[in-house]
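Below is a brief report on one chain.

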Amino acid sequence: SKAIGLLDVDVYGPSIPKMMNLKGNPELSQSNLMRPLLNYGIACMSMGFLVEENEPVVWRGLMVMSAIEKLLRQVDWGQLDYLVVDMPPGTGDVQLSVSQNIPITGAVIVSTPQDVALMDAHKGAEMFRKVHVPVLGLVQNMSVFQCPKCKHKTHIFGADGARKLAQTLGLEVLGDIPLHLNIREASDTGQPIVFSQPESDEAKAYLRIAVEVVRRLPSPSE
């Protein structure tokens with residue numbers, strides 16, 4: 001097994017605390033560094049641990065950049081094999097602060113198949129290229145809805161939009177995540193579907209994507 005860290009840098013709308021069923025303020029180490037909160041074997045750090053759950057973060061750019069710096073530099077992660085950084089949509093202060101402060105091995109672009117979302121995904125991929133971060137590929141989220149009764153499949157957000165964008169960018173699609181009630185319920189209750197329903201088709205979709213991502217990364221020992 002690998003040692004995994006999960007860093008949520010969505011300052012304005014942190015969701016990792018709820019999705020990972022974690023609450024509370026991080027403890028400080030002897031070196032005065034914040035210790036990540038742990039659940040499901042994953043070390044997590046988020047702005048959501050530093051403010052009240054329903055308290056809005058009303059900050060300008062410099063304060064956001066300062067918060068990102070704190071999350072990046074003042075956390076005692078220990079020895080990790082992989083650190084996953086969950087970024088908000090867009091190409092603003094958060095993305096630039098992260099890419100300029102730490103070496104990033106690769107970025108994964110996640111988008112629904114609809115044109116409006118793909119516009120932002122395209123900009124995100126180009127931004128990472130401009131700051132010399134390799135883009136490992138795209139993930140097509142909410143790709144298809146299958147009726148649980150009649151099994152009919154409906155592409156609510158359009159069909160294969162991420163695949164068309166990947167072709168335009170010269171990238172690969174790492175996998176598809178369906179639009180499914182189980183995923184929403186598992187996320188809202190803080191029980192990731194790969195842990196709560198590991199044998200489900202939805203969990204296997206996430207695991208296939210994880211395999212594809214790791215396959216494109218250098219070994220942690222390198």
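In which loop is Ser29 found? Ser29 sits in the loop between helix H1 (16–19) and S2.

## Basis

This is a predicted model, in which local features need pLDDT of at least 70, side-chain atom pairs count only at pLDDT 80 or more, and totals for chains, interfaces and linings use all residues. Residues are numbered from 1 along each chain as its sequence is written, and side-chain values use heavy atoms, with hydrogens and water left out.

Helices (H or I, at least four residues) and strands (E, at least two) are DSSP runs, numbered from the N terminus.

## Ser29

Ser29 is buried, at a relative accessible area of 12%. Buried means under 20%, exposed over 50%, and partly exposed in between (1.4 Å probe, protein chains only). Neighbours within four places in sequence aside, Ser29 is in contact with Arg35 and Asp76. Contact means heavy atoms within 4.5 Å.

## Helices H2 and H3

The axes of H2 (residues 61–73) and H3 (residues 93–101) come within 10 Å. They cross at roughly 40°. Axes are lines fitted to C-alpha atoms, for helices over the stretch in contact, and angles run from 0 to 180 degrees between N-to-C directions. H2 and H3 are therefore oblique to each other. Angles under 35 degrees count as roughly parallel, over 145 as roughly antiparallel, 65 to 115 as roughly perpendicular and the rest as oblique.

From H2, Gly61, Val64, Met65, Ile68, Glu69, Leu72 and Arg73 take part in the contact. They meet Asp93, Val94, Ser97, Val98 and Asn101 of H3. By class, this contact has six nonpolar, three polar and three charged residues. Ala, Val, Leu, Ile, Met, Phe, Trp, Tyr, Cys and Pro count as nonpolar, Asp, Glu, Lys and Arg as charged, and the others, Gly among them, as polar.

## The aromatic pair

The structure holds one aromatic pair. The ring centres of Tyr40 and Phe195 are 4.8 Å apart and the planes lie at 25°, so the pair is stacked. (Rings of Phe, Tyr and Trp, its six-membered ring, pair with centres within 6.5 Å; planes under 30 degrees apart are stacked, over 60 edge-to-face, the rest tilted.)

The pair links distant parts of the chain, 155 residues apart. Tyr40 is in the loop between strand S2 (37–39) and strand S3 (42–46). Phe195 is in helix H7 (residues 193–196). Tyr40 is partly exposed at 26%, and Phe195 is partly exposed at 42%.

## Positive phi

Most residues other than glycine have a negative phi. Met142 has a positive phi of about 55°. Met142 lies in the loop between strand S6 (135–141) and strand S7 (145–146). Lys151 has a positive phi of about 70°. Its loop runs between S7 and strand S8 (153–154).
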